[in-house]
Amino acid sequence: MLDKYDVIVVWAGHAGCEAAAASANLGSNTLLITIDMNKIAQMSCNPAMGGVAKGQIVKEIDALGGYAGIITDKSMIQYRMLNMSKGPAMWSPRAQCDRMIFSAEWRKTLENIPNLDFWQDSVIDLIIENEEIKGVITDLGVKFYSKSVILTTGTFLNGLMHIGQTKIVGGRISEPAVSGLTERLSEYGFTYDRMKTGTPVRIDGRTINFDKLQAQEGDDHIMPFSYLHNYNDTFLNQRSCFIAYTDQDVHSSLKTGLDESPLYDGTIQSIGPRYCPSIETKLVTFPDKDKHQLFLEPEGEDTIEYYLNGFSSSLPWKVQLDSLRKIEGFENAKIFRPGYAIEYDFFHPTQLNNTLETKLIKNLYFAGQINGTTGYEEAGAQGIIAGINAHLKNNKKPEFTLNRDQAYIGVLIDDLVTKGVDEPYRMFTSRAEFRILLRQDNADVRLTEISYNIGLATKERFERLKDKIAKRDELIQYFKKQSAKQEIVNDTLEKLGTSKLKQSIKLESVIARPQIKVNDLISLFPRLQEKLETFGKQAQEIIDAAEILLKYSGYIERERIIADKLKRLENIRIDNKIDYANLKSLSTEARQKLIKINPKTIGQASRISGVSPSDISVLLVFIGR
């Protein structure tokens with residue numbers, strides 16, 4: 001152990017793991033403190049990574065040099081690409097994972113990173129001098145000193161779990177909560193609030209009648225999350241998920257417990273997730289629905305434990321079990337534990353800079369659910385940005401931030417620090433105004449080089465990127481030069497429901513048709529077949545990258561032009577340059593919000609709720625003077 005560290009990361013959840021890995025890989029002597037080293041990167045809720053917009057975030061973490069994608073590939077037991085019926089901006093990879101292997105692989109990965117030490121303990125206080133962080137104090141009374149501290153406390157700050165009228169103090173089932181940190185930070189002016197989340201019953205798979213459920217298979221072709229994936233590696237045995245439905249009998253049974261639900265008897269006052277509500281919230285919010293869809297998901301490659309997605313609840317355990325047994329296929333179900341709700345403290349993220357450093361205490365960073373977000377992916381994204389910036393600031397290097405047109409991570413952090421949260425924040429593709437640019441297939445093209453330039457992405461990763469781009473461009477040039485003759489392609493075009501050629505045209509024009517996929521044409525062109533064989537198992541990744549650019553080049557270029565125009569506002573820096581209190585031309589609300597958030601640029605100011613276009617005009621005129 002060292003006497004003093006460059007970076008201390010508190011808690012080894014998804015944010016903490018990425019933060020510790022990033023700072024250590026960049027060269028900072030880093031200490032990771034966590035309560036239980038057997039639960040590193042614990043999948044405490046849904047055993048899955050990715051999904052709509054979240055899959056893009058995992059790919060972005062990977063492109064930057066993080067580990068979420070690598071660990072997901074090593075632990076996935078089902079892969080699906082969501083939204084394939086829509087355009088590529090909406091395609092989102094999702095993986096069901098073995099949660100035990102996921103955690104074990106994370107620990108193995110962290111233990112093999114130089115510069116990274118571990119300490120199993122709880123942090124109960126911070127060492128702060130002259131509004132600057134100096135270190136932490138643990139439950140064992142140990143003082144660790146450091147240049148920077150990253151708090152990734154998840155649901156542990158004053159965590160309180162609810163199962164009916166039963167209350168259990170804890171940050172997660174069977175794990176202690178942390179008290180004192182919230183109160184300590186509030187002494188320094190930080191504002192905080194309470195949030196709520198929940199989790200469903202865990203079911204013994206031996207007691208489920210799967211014949212009554214609808215199987216949901218994964219995709220036949222697995223596209224790895226990590227751009228470093230070795231295509232010769234095999235994946236774990238793939239498992240099915242299953243679909244089930246509630247009905248009126250189930251609803252009637254659930255309603256018998258509403259009087260004892262902490263959500264409805266006034267016990268829980270905190271903010272709950274809009275997009276992942278408990279089953280009892282669904283009944284109250286949507287009283288006209290006669291059924292709700294549920295997803296039964298395996299917790300691992302060979303475990304009998306199952307997770308019932310969509311059945312989160314804080315109802316009494318007996319009501320949960322009785323209601324579960326009224327669902328078709330679960331008549332004889334036994335459970336390992338009931339679902340529960342958990343309340344915890346979070347700090348309003350408008351108190352952060354875009355680097356995730358707090359505005360009130362220098363060199364103190366917040367990442368993950370402490371900022372009001374929900375989801376492993378959102379947490380990991382914040383963790384890697386906090387870890388990068390802690391290292392860079394300690395070494396007097398420029399800060400590292402991502403714009404809204406560069407990454408979903410940029411959208412996420414900008415939303416948090418600019419708009420704040422009034423409910424647990426979850427990423428969606430609809431939150432990104434430039435989602436055609438922010439596709440899952442091009443995260444490495446967008447982010448790997450800039451990460452390589454700051455020293456995080458490895459040379460191997462950067463060389464793979466250059467090789468991929470070269471192959472992609474080689475394929476595009478082939479399509480641009482190769483002629484498609486009527487006698488070769490017309491039968492295929494007719495079968496696929498598009499008009500025949502009347503004369504030969506370049507193959508790129510055929511591929512541009514919405515009905516046509518490159519894979520439909522490969523067998524018709526022997527030279528194309530030979531070329532793709534040289535790409536090996538990476539061929540499909542190259543095909544997708546080339547095809548998207550050919551089909552959607554016009555849309556991509558138009559969105560890039562719009563983004564570049566808006567970026568002009570992002571280049572006009574205003575932080576600490578304007579005395580908003582004395583700028584009387586601003587509306588009162590705009591003045592108050594601008595003082596509170598102190599935006600760095602005109603672009604950020606324009607996204608603050610309550611700051612109108614006329615207020616932005618006032619700021620532009622003032623800056624012009």
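Q: Okay, starting with Tyr425: which residue has its charged end over that ring?
A: That's Arg431, whose charged end sits over the ring of Tyr425, 4.2 Å from its centre. Keep in mind that this is a predicted model.

Q: What about rings next to rings? How many aromatic pairs are there?
A: The count comes to 13 aromatic pairs. Take Trp119 and Phe144: their ring centres are 5.4 Å apart and their planes are at 70 degrees, so that pair is edge-to-face.

Q: Where do Trp119 and Phe144 sit in the chain?
A: Trp119 is in strand S6 (residues 116-120) and Phe144 is in strand S9 (residues 143-151).

Q: Is Phe144 buried or exposed?
A: Phe144 is buried, because its relative accessibility is 6% and the cut-off for buried is under 20%. Trp119, at a relative accessible area of 25%, is partly exposed.

Q: And how are the rings of Tyr552 and Tyr555 arranged?
A: Their centres are 6.3 Å apart and their planes are at 50 degrees, so this pair is tilted. Both residues lie in helix H17, three residues apart, which is about one turn of the helix.

Q: Why does three places apart matter in a helix?
A: An α-helix has 3.6 residues a turn, so residues three or four places apart point the same way.

Q: How accessible are Tyr552 and Tyr555?
A: Tyr552 is partly exposed at 27% relative accessibility. Tyr555 is partly exposed too, with a relative accessible area of 46%.

Q: Which residues make an aromatic cluster with Phe190?
A: Tyr192, Phe347 and Phe366 form one cluster with Phe190. You'll meet Phe190 again among the residues that Leu364 touches.

Q: Okay, Leu364 then. What else does Leu364 touch?
A: Leaving out residues up to four places away in sequence, the list includes Leu126, Ile133, Val149, Leu151 and Leu185. Leu356, Glu357 and Thr358 are on it as well.

Q: So which residues touch the most other members in the largest nonpolar core?
A: Leu364 and Ile409 do, in a core of 108 residues. Helix H9 (residues 376-394) gives the largest share of this core, nine residues. Apart from it lies another core, of 24 residues, among them Leu475, Ala484, Leu532 and Ile542.

Q: What follows H16?
A: H16 is followed by Gly536, whose phi is positive, near 65 degrees.

Q: Switching topic: where is Gln42?
A: Gln42 is in the loop between strand S2 (30-34) and strand S3 (48-50).

Q: Buried or exposed, that Gln42?
A: Gln42 is buried, with a relative accessible area of 17%. Not counting residues up to four places away in sequence, Gln42 touches His14, Arg99, Arg172 and Tyr376.

Terms used. Residues are numbered from 1 along each chain as its sequence is written. This is a predicted model: local features need pLDDT of at least 70, side-chain atom pairs count only at pLDDT 80 or more; totals for chains, interfaces and linings use all residues. Side-chain values use heavy atoms; hydrogens and water are left out. A nonpolar core is a set of buried Ala, Val, Leu, Ile, Met, Phe, Trp, Tyr and Cys residues joined through side-chain atoms within 4.5 Å. Buried means under 20% relative accessible area, exposed over 50%, partly exposed in between (1.4 Å probe, protein chains only). Helices (H or I, at least four residues) and strands (E, at least two) are DSSP runs, numbered from the N terminus. Contact means heavy atoms within 4.5 Å. Rings of Phe, Tyr and Trp (its six-membered ring) pair if their centres lie within 6.5 Å; planes under 30 degrees apart count as stacked, over 60 as edge-to-face and the rest as tilted. A charge sits over a ring if NZ of Lys or CZ of Arg is within 6 Å of the ring centre and within 35 degrees of the ring normal.
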